[in-house]
Amino acid sequence: MKLATLQAELPNFKIRFLTDTDQAELLALEQSNPEYHRQFSPNELTLAEIHDDLTVHPDEIVAAQKQVFGFYLANHLVAVLDILNQYPEQDFLFIGLLMVGSDYQRRSVGSVIATGLMKAALKSDIHCLQLTRVSSDAAVAAFWKKLGFDDGDQLFLPLAENGRLAVTTMTRVLV
């Protein structure tokens with residue numbers, strides 16, 4: 001996805017690619033949502049994990065297909081969007097993470113970003129958005145369903161502490 005295409009759909013935000021130089025800022029944003037991280041690990045969130053959030057991608061894609069966008073209001077990072085282009089199929093976009101800082105939640109920021117993403121995706125010849133969400137998180141399910149996403153298969157992700165986490169795929173076909 002081209003940054004300019006996304007920016008054109010969301011002119012109230014300053015949007016830019018996040019890199020390793022933004023680790024501290026991204027760490028603060030993710031720490032404002034501690035419940036999210038606790039679903040994956042009982043340990044405190046680290047800068048190494050933030051580095052992984054910025055760089056790790058499935059083996060079957062190239063690094064350039066992964067993009068992490070930061071959304072700024074008044075020069076303050078208020079949200080992050082992690083996507084994989086052309087994954088799992090050519091005209092798909094996979095949402096790895098959409099997280100809004102706690103001070104900006106329940107103010108339509110996430111909905112505005114997701115709606116702008118869908119408009120930018122259509123302009124980029126992407127016809128389907130897909131994501132996985134933690135199956136037990138009813139609030140996240142309601143958020144994406146409100147935006148027209150449908151539940152799909154349930155999968156289990158392995159966790160570092162030898163556990164596993166139930167996740168549900170969600171899909172939205174764009175027309």
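At what angle do the axes of H2 and helix H4 cross, and within what distance do they come? The points below take up this matter and others.

1. Basis of the note. This is a predicted model, in which local features need pLDDT of at least 70 and side-chain atom pairs count only at pLDDT 80 or more, while totals for chains, interfaces and linings use all residues. Residues are numbered from 1 along each chain as its sequence is written, and side-chain values use heavy atoms, with hydrogens and water left out.

2. Helix pair. The axes of H2 and helix H4 (residues 47–55) cross at roughly 100° and come within 9 Å. H2 is therefore roughly perpendicular to H4 (angles under 35 degrees count as roughly parallel, over 145 as roughly antiparallel, 65 to 115 as roughly perpendicular and the rest as oblique). Helices (H or I, at least four residues) and strands (E, at least two) are DSSP runs, numbered from the N terminus. Axes are lines fitted to C-alpha atoms, for helices over the stretch in contact, and angles run from 0 to 180 degrees between N-to-C directions.

3. Residues between the helices. On the H2 side, Gln 23, Ala 24, Leu 26, Leu 27 and Glu 30 meet Leu 47, Ile 50, His 51, Asp 53 and Leu 54 of H4 (contact means heavy atoms within 4.5 Å). By class, this contact of H2 with H4 holds six nonpolar, two polar and two charged residues. Here Ala, Val, Leu, Ile, Met, Phe, Trp, Tyr, Cys and Pro count as nonpolar, Asp, Glu, Lys and Arg as charged, and the others, Gly among them, as polar.

4. The sheet. Seven strands form an open sheet with mixed pairing, in the order S1-S2-S3-S4-S5-S7-S6. Strand S1 (14–17) and strand S6 (150–158) are the edge strands, each pairing on one side only. From one strand to the next the twist averages 30°. S1 pairs with strand S2 (residues 66–73) in the antiparallel sense, over four bridges (two strands pair if DSSP finds at least two bridges between them). Within this pairing, Ile 15 stands opposite Phe 71 in S2.

5. Helices on the sheet. Helix H2 (residues 23–31) packs on the sheet and touches S1, S2, strand S3 (76–85) and strand S4 (92–100), its direction making about 95° with that of S3. Helix H5 (residues 109–123) also packs on the sheet, where it touches S2, S3, S4, strand S5 (128–134) and strand S7 (164–173); the direction of H5 makes about 160° with that of S4.

6. A residue of strand S3. Asp 82 lies in strand S3 and, at 10% relative accessibility, counts as buried (buried means under 20% relative accessible area, exposed over 50%, partly exposed in between, with a 1.4 Å probe and protein chains only). Not counting residues up to four places away in sequence, Asp 82 touches Asp 53, Lys 66, Gln 67, Val 68, Phe 94, Ile 95, Gly 96 and Leu 97.

7. Backbone points. Most residues other than glycine have a negative phi, and most peptide bonds are trans. The peptide bond from Tyr 87 to Pro 88 is cis, with omega near 5°, and Pro 88 is found in the loop between S3 and S4. Asn 75, in the loop between S2 and S3, has a positive phi near 60° and is exposed, with a relative accessible area of 75%.
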